[in-house]
Amino acid sequence: MIDSHCHLDHDPLYANLEEIILRSKKIGIEKILTICTTTSNYQDILKIIKKDNIIYGTFGIHPHEVKTYRVEKEEIINKVLINKKIIGVGETGLDFYYNNSDKDDQINSFKHHIDAATKLNIPLIVHSRNAENETFEILKKKYNKKLKILMHCFTGTISFAENLMSLECYFSASGIITFKNSLELQNIFKIIPLDKLLIETDSPFLAPSPMRGKKNEPSYIKYILEKLASLREIDKFQLDKITTDNFNKLFFNL
């Protein structure tokens, strides 16, 4: 199993990192990708990826943070090149759920991240919320064969998913697919091509059933895998291999 998206720099994960890693290995996790959201927490990411061979990281500015942290394409590229275990750009994207006051800042930041990921030829980790049309139009205009797109914690509509499939996007399922009220999302994950599926915890957020109410952690990835295998009506060990192979293909060209 591979947790393709979590935030090990957030407490309580950061404060209990050794135990978190131990529990992850105990259930068979091979890799953990811990995601950067600001330039200030990038230093913690660099420390965390030194803790264990299974941990990798990214560099990026979350759309909620663009007013405070602004980066240009070249700065993103330089930050990624610092360490060979920094394997992705993001998370970046658009989030207009709360307000649109920083819409232009989000769009500009998103474009800088896309350009950096394209130049580096490494995956772009995309967050999209209440911004489906804008997200797709930007990705479509910027799309080329060197742009590798991972839609993290996908919760969009079927039409959004279908549009993104035309760009050869990968889609990551989070604990949300285990929620009882997520039937529409579950149906979407039934039709996404198997060779484009990944799984993630987004921990310490979005703990899956039956762990809801607790702080999420990478070891809970097993519940997401089991639910997704049930939705796709395939053996969970088979799906484990598929999602692991997809991650390695996307991030390591394996």
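So, salt bridges: counting a side-chain nitrogen of Lys or Arg within 4 Å of a carboxyl oxygen of Asp or Glu, we get twelve of them. Bear in mind that this is a predicted model, where local features need pLDDT of at least 70 and side-chain atom pairs count only at pLDDT 80 or more, while totals for chains, interfaces and linings use all residues. Residues are numbered from 1 along each chain as its sequence is written, and side-chain values use heavy atoms, with hydrogens and water left out.

Okay, take arginine 23 and glutamate 217, which pair up at 2.9 Å, N to O. Arginine 23 sits in helix α1, residues 17-26, and glutamate 217 in the loop between β8 (197-199) and α8 (221-232), so this bridge ties together parts 194 residues apart in sequence. Helices here are DSSP runs of H or I, at least four residues, and strands are runs of E, at least two, numbered from the N terminus.

How buried are these two? Glutamate 217 is buried, at 7% relative accessible area, and arginine 23 is partly exposed, at 37%. The cut-offs are under 20% for buried and over 50% for exposed, with partly exposed in between, using a 1.4 Å probe and protein chains only.

Next, lysine 25 bridges to aspartate 52, with the closest N and O atoms 2.7 Å apart. Lysine 25 is in helix α1 as well, and aspartate 52 is in the loop between α2 (42-48) and β3 (55-59), so that pair links parts 27 residues apart in sequence. Aspartate 52 counts as buried at 16%; lysine 25 is partly exposed at 40%.
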